Amino acid sequence: MLSSYQKKRDFTKTPEPKANNGKRKGRGLRFVVQKHDARRLHYDHRLELDGVLKSWAAPKGIPLEPGEKHLAVMVEDHPLDYADFEGEIPEGSYGAGEVIVWDRGLYAPEHGPDPAENRSAAERAIREGLEAGKLSIVLVGEKLSGSWALIHTKGENWVLLKHKNDEASVVSRANKASVVTG
Ligand code: MN
């Protein structure tokens, strides 16, 4: 559902995509982490599901140390095309500030099914995990790889938890640059 996303934005002013233009490519399910230098810097963590990007804003980004938890506030669904968006949201617009793609790649529910093998079964498992308030996922990105859990706490608040028995593999923890434009 993109109505909430569209209501917040004036597409004559912001360069953000209004909707999904064209079809998605590839067989897996995408994830993206966008560094958003808004009034308060945060990282937007987005997971493809049911034709949109389920989205959380994490003020401290993705936790990298085993057992570490970071707050992730669920926000409105974003269009799939947002996964490729980088740019400057102008002053006066919702979320004004610079957005870069900090990481992107594919994700899957940790305990299967594999989205590349059975997309609808994988999406169902993810949907059920989110509805139950606990979803374990594996990310395979350009910077991040490993497993994390999203755990619902209260209201829009979730925590992103780096699994204890799993060292995050991060190409460069210090690397804050875009994976698209460098
Ligand atoms: Mn944001």
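Which residues gather in a patch of negative charge on the surface? They are Asp-37, Glu-88, Glu-91 and Glu-98. Before going on, the ground rules. This is a predicted model, in which local features need pLDDT of at least 70, side-chain atom pairs count only at pLDDT 80 or more, and totals for chains, interfaces and linings use all residues. Residues are numbered from 1 along each chain as its sequence is written, and side-chain values use heavy atoms, with hydrogens and water left out.

A patch takes residues with over 30% relative accessible area and no salt bridge, joining like charges within 9 Å and nonpolar side chains (Val, Leu, Ile, Met, Phe, Trp, Tyr) within 5 Å. Asp and Glu count as negative, Lys and Arg as positive, while His and the chain ends are not counted. The charge is placed at NZ of Lys, CZ of Arg, CG of Asp or CD of Glu. Areas come from the Shrake-Rupley method with a 1.4 Å probe, and for residues only the protein chains shown count as cover.

Helices (H or I, at least four residues) and strands (E, at least two) are DSSP runs, numbered from the N terminus. Glu-91 counts as exposed because its relative accessibility is 76%; the cut-offs are under 20% for buried, over 50% for exposed, and partly exposed in between (1.4 Å probe, protein chains only).

Next, salt bridges: a side-chain nitrogen of Lys or Arg within 4 Å of a carboxyl oxygen of Asp or Glu. By this rule there are 11. One of them joins Arg-9 and Glu-76, at 3.0 Å from N to O. This pair links distant parts of the chain, 67 residues apart: Arg-9 sits in the loop between helix H1 (3-7) and strand S1 (29-37), and Glu-76 in strand S4. Arg-9 is buried, at 10% relative accessibility, and Glu-76 is buried too, at 11%.

Another salt bridge runs from Lys-13 to Asp-10, with the closest N and O atoms 3.2 Å apart. Here Lys-13 is exposed at 54%, and Asp-10 is partly exposed at 36%.

Arg-127 pairs with Asp-50, the closest N and O atoms being 2.8 Å apart. Again distant parts of the chain are linked, 77 residues apart: Arg-127 is in helix H2 (residues 119-132), and Asp-50 is in the loop between strand S2 (41-49) and strand S3 (52-58). Arg-127 is partly exposed, at 30%, as is Asp-50, at 41%. Salt bridges that share partners also join Arg-30, Asp-84, Arg-104 and Glu-142 into one network.

Now the backbone. Most residues other than glycine have a negative phi, and most peptide bonds are trans. Asp-50 has a positive phi of about 55 degrees although it is not a glycine. The peptide bond from Gly-112 to Pro-113 is cis, with omega near -5 degrees, and Pro-113 lies in the loop between S6 and H2.

Last, two buried residues. His-70, in strand S4 (residues 69-79), has a relative accessible area of 6% and so is buried. Leaving out neighbours within four places in sequence, its contacts (heavy atoms within 4.5 Å) include Lys-60, Pro-63 and Trp-158. Tyr-82, in the loop between S4 and S5, is buried at 2%. Beyond four places in sequence, Tyr-82 touches residues including Tyr-5, Arg-46 and Val-99.
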